[in-house]
Amino acid sequence: MIRLLRMRAEAFSGFIKQAIESSLDDIEGLNRWPKTESLELAQAEIKRLLPQGLSTPNNIFLEIVENDSKSAIGFICVSLGSRGSEQIAFIHQLFIYPQHRRQGHARATLEAIEAALLARGVAAIVLHVFNSNKTAQQLYATAGYEVASLNLQKKLAQPAG
């Protein structure tokens, strides 16, 4: 059983570090940017999304805790917004530490956050998964999430010159 607890200030720096590392993995997996730019892009994205850090309005930062443990096994970051007249939530990060993976914690976290958001009147949850992250795609598909849109890309080669 898992519990979702408000993220402690002292845990936030670890969350940011992990969020940047996760973004780096995704960015580099896309092979879209030179590796030298990837860290700067990941850091800039975090600053854009969370300009006030843990105090950024309309964001929910939670630590995932197993049973009665005091140590977090992961975290989830959700932002609240609207689409037309509906309130929606966007999952920015769902991260389970490697030693706790493949034990159902991500699925349990999704169930817990869905229940909490439904109680707040949220009508839909949106998230983004990179094409290279097949494990996450499988998790979300089996949890009932459906593809709502696709971003496509084509690399263009410069003519030889």
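**Figure 1. Surface and overall dimensions of the chain.** The accessible surface of the chain comes to about 10600 Å², and carbon and sulfur atoms account for 51% of that area. The model shown is a predicted one, and its C-alpha atoms fill a box of roughly 65 × 35 × 35 Å along the principal axes. Buried residues make up 34% of the 161 residues in the chain. Of the contacts in the chain with a separation of 6 or more, 56% are made by residues 24 or more positions apart.

**Figure 2. Order of the secondary-structure elements.** The chain holds 4 helices and 5 strands, and, read from the N terminus, these elements follow one another as β-α-α-β-β-β-α-β-α.

Figure 3. The 5 strands form an open sheet in the order E1-E2-E3-E4-E5, with mixed pairing. Strand E1 (2-6) and strand E5 (124-127) are the edge strands, each of them pairing on one side only. Averaged over the sheet and with direction ignored, neighbouring strands are turned by 35° against each other. Strands of a sheet pair through backbone hydrogen bonds, in either a parallel or an antiparallel manner.

**Figure 4. The antiparallel pair E3 and E4 and its turn.** Strands E3 and E4 run antiparallel and are joined by 10 bridges; within this pair, Val78 has Ile91 in E4 as its bridge partner. The two strands E3 and E4 form a hairpin with 2 residues between them, and Gly84, which lies in the turn, has a positive phi of about 65°. From E4 the chain crosses through helix H3 to E5, and this β-α-β crossover is right-handed.

**Figure 5. The parallel pair E4 and E5 with helix H3.** Strand E4 (residues 86-96) and E5 run parallel and are joined by 4 bridges, and the bridge partner of Phe90 in E5 is Val126. Helix H3 (residues 105-119) packs on the sheet, where H3 touches E1, strand E2 (59-66), strand E3 (72-83), E4 and E5. The direction of helix H3 makes about 155° with that of E4.

Definitions and conventions: Residues are numbered from 1 along each chain as its sequence is written. This is a predicted model: local features need pLDDT of at least 70, side-chain atom pairs count only at pLDDT 80 or more; totals for chains, interfaces and linings use all residues. Side-chain values use heavy atoms; hydrogens and water are left out. Two strands pair if DSSP finds at least two bridges between them. Axes are lines fitted to C-alpha atoms, for helices over the stretch in contact, and angles run from 0 to 180 degrees between N-to-C directions. Contact means heavy atoms within 4.5 Å. A crossover is right-handed if, with the strands pointing away from the viewer, the path from the first strand over the helix to the second runs clockwise. Buried means under 20% relative accessible area, exposed over 50%, partly exposed in between (1.4 Å probe, protein chains only). Accessible areas come from the Shrake-Rupley method with a 1.4 Å probe; for residues, only the protein chains shown count as cover.
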